[in-house]
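Please brief me on this structure, topic by topic.

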Amino acid sequence: MNSSLIIGIPVSILAVFGAIYLAQEVTLIQANDIFEQYQSDSLEKKIQCSGTARCLQGTITDIVDGDTVKVNNQSIRFALSSAPELNEDGGIEAKEFIEKLCPLGSTAIVDEDDFQTDGSYGRIVGVVTCNQINLNSALVNSEYGEISKSFCSTSEFSNSSWASFACK
């Protein structure tokens, strides 16, 4: 048998296996790129905020009271929605209501109020969505909270379905 043939066959086999391996790697890279793009597109579709102010996504790190939570340690005051203070009747119940809807560690989306970008006492004022629930609306529609009518004229959310009944 020809010695170049003996060497050539294994080299050819290695070349074929190398080409197959390389094709698989390219396919995996392409699949990962597509998956990452899908995740990015899905995230962008999930995070849909109105207006032009900040739109944030993060983790609930604290439930301060019935109308204030922390997302990534940033205080968020619910736009238009108000609950009693913790030392007032119903205050603890309002906080517990929000904790049930949106436990610590949950992912939340914050849509900052375009008309209140200066915030309130260092807090962002906005609508908080957690576990696909608008917490502002849930609070107002529960027995634990109400619309802060004095802010109807200064909130982009005053015409929202959950607030418009009180902001007319």
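Which cysteine does a disulfide join to cysteine 102? That partner is cysteine 130, with an S to S distance of 2.0 Å. The model is predicted. A search of the whole structure finds three disulfides.

**Disulfides**

- A disulfide is a covalent bond between the sulfur atoms of two cysteines.
- With the bonded cysteines of the chain numbered in sequence order, the pairing reads 1-2, 3-4, 5-6.
- Cysteine 49 is joined to cysteine 55, S to S 2.1 Å. The torsion about this S-S bond is about 60°, so the disulfide between cysteine 49 and cysteine 55 is right-handed.
- Cysteine 102 sits in the loop between α2 and β5 and cysteine 130 in strand β6, so the pair ties together parts that are 28 residues apart in sequence. Cysteine 102 and cysteine 130 are both buried.
- Cysteine 152 and cysteine 167 form a disulfide with sulfur atoms 2.0 Å apart. Its torsion is about -70°, so the disulfide is left-handed. Cysteine 152 and cysteine 167 both lie in the segment after β8, 15 residues apart. Both are buried.

**Strand β5 and its partners**

- Is strand β5 enclosed or open? Five of its six residues (107-112) are buried, so the strand is largely enclosed by the rest of the structure.
- Strand β1 (residues 55-65) runs antiparallel to β5, and five bridges join them. Glycine 58 has alanine 108 in β5 as its bridge partner.
- Five bridges also join β5 to strand β6 (residues 124-130), and this pair runs antiparallel. Aspartate 111 stands opposite valine 127 in β6.

**Nonpolar cores**

- In soluble globular proteins, nonpolar side chains tend to be buried together.
- The largest nonpolar core has 20 residues. Ile60, Val69, Ile98, Val128 and Leu135 touch the most other members.
- At least two residues of this core come from each of β1, β2 (68-71), β3 (74-78), α2, β5, β6 and α3. Helix α2 gives the largest share, four residues.
- What does valine 128 contact, leaving aside neighbours within four places in sequence? Its contacts are Val69, Ile76, Phe78, Ala108, Ile109, Val110, Ile133, Asn134, Leu135 and Asn136.
- A second, separate core has twelve residues, including Ala79, Cys152, Ala163 and Ala166.

**The aromatic pair**

- The count of aromatic pairs comes to one. Phenylalanine 97 and tyrosine 144 have ring centres 5.1 Å apart and planes at 35°, so the pair is tilted.
- Phenylalanine 97 lies in helix α2 (residues 91-101), while tyrosine 144 lies in the loop between α3 (135-140) and β8 (146-147), so the pair ties together parts that are 47 residues apart in sequence.
- Tyrosine 144 counts as partly exposed, at 24% relative accessibility.

**Two serines**

- Serine 81 lies in strand β4 (residues 81-82). Its relative accessible area is 0%, so serine 81 is buried.
- Which backbone oxygen does the side chain of serine 81 reach? It reaches that of asparagine 136, at 3.0 Å.
- Beyond residues up to four places away in sequence, serine 81 touches Asp67, Asn136, Leu139, Val140, Glu146, Ser148 and Trp162.
- Serine 153 is in the segment after β8. At 67% relative accessibility, serine 153 counts as exposed.
- Serine 153 and cysteine 167 are 14 residues apart in sequence, and their C-alpha atoms are 8.0 Å apart in space.

Key:
Residues numbered from 1 in each chain as written. Predicted model: local features only at pLDDT ≥ 70, side-chain atom pairs only at ≥ 80, totals over all residues. Heavy atoms only, no water. Buried < 20%, exposed > 50% of the residue type's maximum accessible area, 1.4 Å probe, protein only. Pairing = 2+ DSSP bridges. Phe/Tyr/Trp six-rings, centres within 6.5 Å; stacked < 30°, edge-to-face > 60°. Polar contact = N/O pair within 3.5 Å; in protein donor to acceptor, adjacent residues only side chain to side chain. Contact = heavy atoms within 4.5 Å. Disulfide = S-S within 2.5 Å. Core = buried A, V, L, I, M, F, W, Y, C linked by side-chain atoms within 4.5 Å.
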